[in-house]
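These notes are meant for a colleague opening this entry for the first time.

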Amino acid sequence: MVQANLAHQPKDKTELARPQPVQVKARTPLSEFWRKFKKQKMALVAGSFVLALMLIALVGPYIAPYSSKEFDYESILAGPSLHHWMGTDAYGRDIFSRVLEGTRISLFVGLFSVLFGALGGTILGIIAGFYGKWIDSVIMRICDVLFAFPGILLAIGIIAILGPGLSNVIIAVSIFSVPIFARIVRSSTLSVKATLYVEATKSLGAKNSRLIWKHIFPGTVSSIIVYFTMRIGTSILTAASLSFLGLGAQPPTPEWGAMLSSGRDYLNTAPHVVFYPGMAIFVTVLAFNLLGDGLRDALDPKIKD
Amino acid sequence: MFQYFIKRLAGIIPILMIVSIFIFLFVHMIPGDPARLVAGQDATQQDVESVRKQLELDKPLHQQYLSFVTNMIHGDFGHSLKTKRPVIEEIQSRFMPTFWLSVWSMVWAVLFGLLIGVVSASKRNKWQDYAGMFGAVAGISLPSFWMGLMLIQLFSVKLGWFPTGGLDSWKSYVLPSLTLGAGVAAVIARFTRSSLMDILKEDYIRTGRAKGLHERKVVWDHGLKNALIPVVTMTGLQFGFLLGGSIVIETVFGWPGLGRLLVDSVSFRDYPVIQSLMLLFALEFIIINLIVDLLYGVMNPQIRYE
Amino acid sequence: MRDKLLTIENLKTHFFSDDGIVPAVDGVNITIKKGETVGIVGESGCGKSVTSLSVMRLLKDTPGRVVGGSIQFKGKDLLSLSDREMRNIRGNEIAMIFQEPMTSLNPVLTIGRQIKEAVGLHLGLEGKKAHEHVIEMLKLVGIPRAEEIVNEYPHQLSGGMRQRVMIAMAMSCKPKLLIADEPTTALDVTIQAQILELMKKLSAEEETAIMLITHDLGVVAEMCDRVVVMYAGKVVEEADIYELFENPKHPYTKGLLQSIPKLREKKNRLGSIPGTVPNPLERPPGCKFAPRCSEVFDLCREVEPELLPVGADHQCRCLLYQRDLVKEA
C-alpha cells in the first residue's frame, strides 16, 4: 500500500492566507478527444503506421527498387537477399517492390469501399430514423436480410452477378458495409431526434433537410468515424480474400491477395512468396483495427465491439 | 416461454420471404438472358427455349416466384450446368464436411475466446489483459488464408504432423478448424471481456464479494453466468462469419465442402448451384439465429418465467 | 463499558482519478462496541460509504485505496490480513447489506442458491442441512412461502422482499457486525419501517452490532445508540443518540436536525442547509464546512479544527468550542 502524504493539513498560517484559486479547465471536444487519444500508445503507433502506409500508397512505385513488371529469369523464386529484400516470385519479380505497389491498391479498395458503404448507409439510416413508419421498417428489414448473408458470401454473390475484377470487389464490399452504417446512423438519429432541441427546432418550422444536416448529422459523426476506421481493416481483408479466391484482382496485378494466390503453388519450395504479401495484409489490417479501437475509446466509450 | 418461442418463430417468416425473393431475383439480375445463362453458352436456341419453358421463365414474375418456392420446398433445386446432375445431389455429399468443420471451429473458438476474455476482464489493465487483447486484435486482423498456408507450411510440410489438405481422417480437421476458429475466438474474447467487465461493476458482484466468496468464484460463477447471455447471442452471429470464412478455408485446404463448391461454381458460372448454395447458407444462418434466440430465452430466467 | 468490536483509527482512503487525488476519507476515527448500533450520518459524498467499503476491503473495483490508518476488528488489523483471512471474515463475522435491493441480488441465480453460498462457505453446511437453514433464515426475516421462494429468482420478488432476502443472507452466518449502507433508502416509507424493525429485532436477538450508514436522521433516531456525523471525509461530531438530538454542537449537525420534518412525511434530502458539499478536489483550507456555515467567523477559513470533547461522551470538530485553544496557539 502506498503511503501518500497528500492529506492537505495546513499548519503554516502564511499558507492558509492564500486560498487556492478554483480552476475549471474548459475543454473543447477536440482537445478532450486528443487528451484521451494520446494516452493510448498502441493507437498512436498504429495511427503513425497508417499515415506511413498512405505515404507509401502515394509514392510507393517511385521508391520501389524494381518495377513490379520487371522479370528476372536469372533469379526465380530466390529467397530474401540484399538485392531482393523479400525475395523474388516465380517470374523473378521483386516481391518487395510488388508489396510496395500493392499498398496503393489495398488502401484504395479499403478506403473507397467503406466510403461508398458509409455514404449509402448514412443516407438510409437517416431516412429510416428520421421518417420512421413504413420506410423505416422496409429499410431495416432489408438491412436484416443483408446481415443474414455472411459478408463474404454476399460479396461472392454480387461478383457472381457482375463478374470478377477489382472494381466489382469494391462494389461488393461497399454493399455489405451499408447495413452496418445504416443501423448505427439510424439509432443515433433516433436518439438525437428524441432530444428536446430537435423538437424545438422542428416546432420553429425548420425544414427537414436543414434539421438533418445541422442537428442530426453532427450527432452521428463520432460513431461513423469509429466504424469507418474499423471497417477499412475488414474491407481490405475481404478484398484480399476475394482476390485470393481468384474473384478479385487478377494476376499480374500486384494485389496482395492475388500475389498470395499465385504464390501458393510454390509453398513447399519458396514459402517467402506467400509469407511477405500475407504479412503486409496482416500488418495493415492490424494497424487500422488498433487505430479504430483507440478512436472508439477516445471518442465514444459506449460503442461496444 | 412458449409465447416467446412462438414470437421468435414467427419473426423469421418475413426474413425468409425477403431472402427467398432476393435469391429468386438473383438469376434475373445477371445481365443477359436468364434462360441462356441456365442452358449454358453453347446451348442451341432450341435448348434455350425449352429451358425457358421448363423454368417457366415465360410466365409473369410472381408466378415464377411461386413455382420457385414450391420447387425449393420439394427439394427440387434444378440441375448443375457443369455436371448436369441435380443440385441437391451435389450439395448432399458436401454438406457434412462443412458442417463438422464449422462445429469444430466453433468449439475451439468458444473455448479459447471465453478463456482469454474472462482472464482479460478479471486481470483488467494487467499484462494478462494487454497480452490477451493484443492477441485478439491480431486474431481479427489475421488473413485466414495466409494463416492456413503458414500452418500448412509449418505443420504439414516441415513437421509432417498433419496432412496438407483434403479430408481423410480426424487429423485433417485440426489445421482447418484452428484456422477458421481463430478469428471467431478473437471476436468472442473481446466481447466476453467487455461484457464481463460491465457485469463486474454490478451491485450483485459486490454482494458476492461481501459474502466472502473467492474472487475466482465471483468472476467465473456470478460474473460469467450473467455475461454469457449476451456472449451466446453474439457467438451465434459469429456462425455467419464462420460460414463465410469456411469458403476461403476450404479453398486453402482443398476441403470437399460447400464453400469450395461455391467458389468453383462462381468461376464456372454454374448459376443453379450458386443460387441454391446462397439459399442454403442464408437458411443455415437464420436457423442458427433462431436457436440462439431460443437459448437466450432458456438462459435468462426473466424470460423463462414469463 | 462493553468491549470494543471495531476500531477505525485515522483511516485515510483516497481515490485516484484522472483529475487528481480525492481524499474521500480523510482521517476518520470510529469505534463500535459489541451489540451496539452506530449511525453514520452525512450527505452523499461525505465518505460514509467509502468508510464502510474500506472496512470490508471491497474497494477493489473502485479507483480507491486505503492509504493510511488502521481498522481493528476483535483485535485483528483487517488491513494487514491476507485475502484468504479477509474472505473468512466477510459474510461471516462482518456482513453487509446495500442500498439497492433491486440490483444487489444476482438475477440468474435462485434466492436459495445465493444464501446457501454463504452458509456453505462459513458454516460448512451442505445439501439438506443448508437448505433447511436457508428456509429458516427466510422465515426469520418474515418472508411468506419461504419453501417456494427458495427456488425463485430475484426478479419475482418486490424490493422490500429482496431487502429481506439480503438481510437473511447477511444474518445467515450470525455476524458480529452488520454494515448496512442506506438499507431503506430505495424502499417505500411503510416498507422502510418494517425493515428497520426487523433489523432492530435481529440485532437484539443475535447481539449483532450494526454500523448503519444513512443520510436520514429519522432512521438514526429509531435505530441507533450512538451517532457519528461526517462531513467532507471527516468526522465532525460524535455523541450518544439522546445527547446529539437534545444538544447538538456542530452547526452542520444543527442544520441536519432542523431539516427533519416534524411529521413523518416524505421529505427533501437535508434540504435546509444552503450550498452543497464542496468538490473534493477543491476543498477549502480551514474548516471544510465554513462556506456553508451560519456561524462562521474569520478564523474558520484559516484553521482546521480538531475533533475534541465538548461534553461527556460527546466530541465535536468546531472552532466555536475551541476559541481558547486557538488563542493559545
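1. The annotated span of chain B. UniProt, in an unreviewed entry, places the feature "domain: ABC transmembrane type-1" at residues 95-296 of chain B. The model shown here is a predicted one.

2. Chain B as a whole. Along its principal axes the C-alpha trace spans about 80 × 55 × 30 Å. Of the 306 residues of chain B, 43% count as buried. Among contacts between residues at least 6 apart in sequence, 70% join residues at least 24 apart.

3. The contact between chains A and B. Chain A contributes 39 residues to this contact and chain B contributes 40 residues. On the side of chain A, the elements giving two or more residues are α5 (133-148), α6 (151-162), α9 (208-244) and α11 (272-299). Of these, α11(A) gives the most, with nine residues. By residue type, the side of chain A that touches chain B divides into 25 nonpolar, eight polar and six charged.

4. A helix pair inside chain A. Two packed helices are described by the angle between their axes and the distance between the axes. For helix α4 (residues 95-131) and helix α7 (residues 166-194) of chain A, the angle is about 35° and the axes are 5 Å apart. The crossing of α4(A) and α7(A) is right-handed. The residues in the contact of α4(A) with α7(A) comprise 21 nonpolar, 10 polar and three charged.

5. The sheet of chain C. Chain C has an open sheet of eight strands with mixed pairing, in the order β6-β7-β8-β3-β9-β10-β12-β11. Because β6 (94-97) and β11 (308-311) of chain C stand at the edges, each has a single partner strand, and one side of each is left without a neighbour in the sheet. From one strand to the next the twist averages 25°.

6. Two strand pairs in that sheet. Strands pair through backbone hydrogen bonds, either parallel or antiparallel. β3(C) and β9(C) run parallel and are joined by four bridges; within this pair, G39(C) has V227(C) in β9(C) as its bridge partner. β6(C) and β7(C) also pair in the parallel sense, over four bridges, and I97(C) stands opposite A180(C) in β7(C).

7. Helix α10 (residues 251-258) of chain C has P251(C), Y252(C), T253(C) and L256(C) as its buried residues. These pack against β3 (37-41), α8 (217-223), β9 (226-231), β10 (234-240) and α9 (241-246) of chain C.

How values were computed
Residues are numbered from 1 along each chain as its sequence is written. Chains are lettered from A and ligands numbered from 1 in the order in which they are written. This is a predicted model: local features need pLDDT of at least 70, side-chain atom pairs count only at pLDDT 80 or more; totals for chains, interfaces and linings use all residues. Axes are lines fitted to C-alpha atoms, for helices over the stretch in contact, and angles run from 0 to 180 degrees between N-to-C directions. A crossing is left-handed if the near helix is turned anticlockwise from the far one by less than a right angle, and right-handed if clockwise. Ala, Val, Leu, Ile, Met, Phe, Trp, Tyr, Cys and Pro count as nonpolar, Asp, Glu, Lys and Arg as charged, and the others, Gly among them, as polar. Two residues are in contact if their C-beta atoms, placed from the backbone, lie within 7 Å. UniProt positions are given in the numbering used here, feature names are shortened, and annotations may be inferred rather than shown by experiment. A residue is buried if 20 or more other C-beta atoms lie within 10 Å of its own, exposed if 12 or fewer, and partly exposed in between; C-beta atoms are placed from the backbone. Two strands pair if DSSP finds at least two bridges between them.
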